[in-house]
Amino acid sequence: MEVLEHRKNGLLVDFFSTEQIADAVVEALDQPQNMQLLRQNARQRVIDHYDLHSVCLPQQLRLIGQASMR
């Protein structure tokens, strides 16, 4: 699964297209009410998949435990 999904939890544009980047920034700043759900989805994605205490640290500790058993 991709980390970012266009218009669901982020705005994806061509990295090398300054025009697309500028258009996305202008859209986000010009219509903040339209970005509310996107912001909520982005935050929830980070909490669900990348939170230090509930996701990342337990995974790291599990890996360390597995490595020490070898």
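A residue is termed buried when its relative accessible area is under 20%, exposed when that area is over 50%, and partly exposed in between. In this predicted model, Asn-9 has a relative accessibility of 6% and therefore counts as buried. Asn-9 belongs to the segment that precedes helix H1, which spans residues 18–30.

The side chain of Asn-9 takes part in polar contacts with the backbone. The backbone oxygen of Val-3 is reached by this side chain at 3.0 Å, and a polar atom of the side chain of Asn-9 lies 2.6 Å from the backbone nitrogen of Glu-5. When residues up to four places away in sequence are not counted, Asn-9 touches Val-3, Leu-4, Leu-38, Asn-41, Ala-42 and Arg-45.

One of the residues touched by Asn-9 is Ala-42, which is found in helix H2, comprising residues 36–50. Ala-42 has a relative accessibility of 24%; because this value falls between the limits of 20% and 50%, the residue counts as partly exposed. The C-alpha atom of Ala-42 is separated by 6.7 Å from that of Gly-10, although the two residues are 32 residues apart along the chain.

Helix H3 consists of 18 residues, numbered 52–69. The distance from its first C-alpha to its last is 24 Å, close to the 26 Å expected at 1.5 Å a residue. The N-terminal end of H3 is capped by Asp-51, a side-chain oxygen of which lies 3.3 Å from the backbone nitrogen of His-53.

Methods
Residues are numbered from 1 along each chain as its sequence is written. This is a predicted model: local features need pLDDT of at least 70, side-chain atom pairs count only at pLDDT 80 or more; totals for chains, interfaces and linings use all residues. Side-chain values use heavy atoms; hydrogens and water are left out. Helices (H or I, at least four residues) and strands (E, at least two) are DSSP runs, numbered from the N terminus. Buried means under 20% relative accessible area, exposed over 50%, partly exposed in between (1.4 Å probe, protein chains only). A polar contact is a pair of N or O atoms within 3.5 Å; within protein, one must be able to donate a hydrogen and the other to accept it, and residues adjacent in sequence count only if both atoms are side-chain atoms. Contact means heavy atoms within 4.5 Å. The expected span of a helix is 1.5 Å times one less than its number of residues.
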